[in-house]
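Subject: A structure for you to explore

Hello! Here is the structure I promised to pass on to you. Have a look at it first, and then read my notes below.

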Amino acid sequence: MIKVNLTQRIWLAFISIIVLVGLLIIIIYPISIKGTLTEETYRIIETEQIRIAYPLWDLINPRNESEFTDREAGAVGHFFIYESPRLPPEGSPPPQEVLQEMAQNAFKQEVSRGRYEIQYGDATVFYVIANAQIDEYPAFHISYMWDTYRDQMVNRLWERLAYILLLTSALSLLPAMWLKHYLRQPLIVLGNHLEQIANRDWKEPFKWKGDEDFQRLSDQFERMRQNLNLYDRSQKTFIQHASHELKTPIMVIKSYAQSVKDGILPKENMESTMDVIIEEANRMERRVIDMLYYTKLDSLKEESPKHEKILFGQIAFKIEERFRVQREDVKILIEGAKTELLCDLEQLEVLLENLVENALRYARDRIWIKATAMDDAIIITVENNGESIPTIDLPQLFNPFYKGNKGKFGLGLAIVKRITELHGGSPRVENTDVGVKFTITFPKEDHAINKARKKK
């Protein structure tokens, strides 16, 4: 397959259009114009025939000025033949073989006026036969014209059309050159920016002012660049936080293990020292599990969600039982246990677990878990009666690695947000008169799948 660049494509497009128009003109134009001029020839013959037959026609229907000055007709010949073969033709009859065919057509004619043509030599003769009466004798008025008029007009029009086509072809080079320059310039600029992005350099903004289509393309490109910047910063932040969070327990484990190896016990006894090592190892394990689950949710964006119908109580009571022993002074109250949800069971369990674990760190003595069915959505709320969150922190709570004053790793609420978005919903946090309330809104039934797909 031959590869062509943009400039060559533009030239080929214009040349193809010109060739196509030329072919259409060559094929269709002669046929249509010849038919039109043939019709005009017959009209001229019939008009002249009527003027001969009715001398007063010009008084009744006079020629207008434009017809007189613009009309370029060929010479029209006339002669008469009688129905009776005993009477000779009058006027200027044609040669015998032509006259014979004309007479045959005249005698066969059933209408008052008919159109015919006959080949004579290398030319065509157009003629019209009309019924007439001469001195009370039935006769036929035959008027004729050679095709010279038609052919001359066709040749003149064809010659002028050829000049117009050549001139148009030459002039079309100007818009082709302009179009090449018009399309090439923004594409070169866009290509340079794409090359920069290919080299992981996406700091320079891109904005094209001018044509609306190119401006829309530049806006889309700029949004892509900003998303890449955001993703790059998020990735760097993720790595920095992850390395920081894992570095501390690794250092503790390493120092304690080295101390034990050197015969030094950092704690009172070996059991206490081992408990610290195990605790730090568990802490590091939880961090790794959270990071792996967070990245797993990223990959789930490309997959179709596996939703199933469940009762809210199936998950809520399990969560309540799991966290009840962590703080016996806090009572977890559940409402709307029979509310039906369409969701991923495992993901919703992780979502509620993170919300309750977060609430448990701040609650004084109450946590409310509630599910409410609306017309087109399911509302899940987790509220605690702890201290309020500073207003400046509210918009950032769902960002990865953002920790409140009692936060641990900063991924719990980020996981909540990601799971909510995978279900086509949205999370929200607010301070209330009681304390702090997290609200998760899930689209109901069929709306969930459609909204989740739009989020991708």
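**A buried asparagine and its helix**

Asn 354 has a relative accessible area of 13%, so this residue counts as buried (buried means under 20% relative accessible area, exposed over 50%, and partly exposed in between, with a 1.4 Å probe and protein chains only). Before I go on, please note that this is a predicted model, where local features need pLDDT of at least 70, side-chain atom pairs count only at pLDDT 80 or more, and totals for chains, interfaces and linings use all residues. Residues are numbered from 1 along each chain as its sequence is written, and side-chain values use heavy atoms, with hydrogens and water left out.

Where does Asn 354 sit? It is found in helix H9 (helices, H or I with at least four residues, and strands, E with at least two, are DSSP runs numbered from the N terminus). Leaving aside residues up to four places away in sequence, Asn 354 touches Gly 412, Ile 415 and Val 416 (a contact means heavy atoms within 4.5 Å).

The axes of H9 (residues 345-362) and H10 (residues 412-422) come within 9 Å and cross at roughly 145° (axes are lines fitted to C-alpha atoms, for helices over the stretch in contact, and angles run from 0 to 180 degrees between N-to-C directions).

Why is H10 described as largely enclosed by the rest of the structure? Because 8 of its 11 residues are buried. Among them are Ala 414 and Arg 418. After H10 comes Gly 424, whose phi is positive, near 80°.

**A sheet of five strands**

Now to another part of the chain. Here 5 strands form an open sheet in the order S2-S1-S5-S4-S3, with antiparallel pairing (two strands pair if DSSP finds at least two bridges between them). Strand S2 (90-91) and strand S3 (113-120) are the edge strands, each pairing on one side only. Helix H4 (residues 96-108) packs on the sheet, where it touches strand S1 (77-82), S3, S4 and strand S5 (137-146). The direction of H4 makes about 50° with that of S4.

Follow strand S4 (residues 123-134) and you will meet both of its neighbours. S3 and S4 run antiparallel and are joined by 8 bridges; Gly 114 stands opposite Ile 129 in S4, and Glu 117 has Phe 126 as its bridge partner. The two strands form a hairpin with 2 residues between them, and Gly 121 in the turn has a positive phi of about 70°. S4 is largely enclosed by the rest of the structure, because 9 of its 12 residues are buried.

Glu 101 lies in H4. At 32% relative accessibility, Glu 101 counts as partly exposed. Not counting residues up to four places away in sequence, Glu 101 touches Ile 118 and Tyr 127.

**An exposed lysine**

Is Lys 338 buried or exposed? It counts as exposed, at 76% relative accessibility. You will find Lys 338 in the loop between strand S7 (331-335) and strand S8 (340-343).

**The chain overall, and a caution**

The chain has 11 helices and 12 strands, and buried residues make up 35% of its 456 residues. Its mean pLDDT is 77, and 80% of the residues reach 70 or more (pLDDT is the predictor's confidence in each residue, from 0 to 100). Take care with residues 63-73, where pLDDT stays under 50. Where pLDDT is low, the predicted coordinates should not be read in detail.

Happy exploring!
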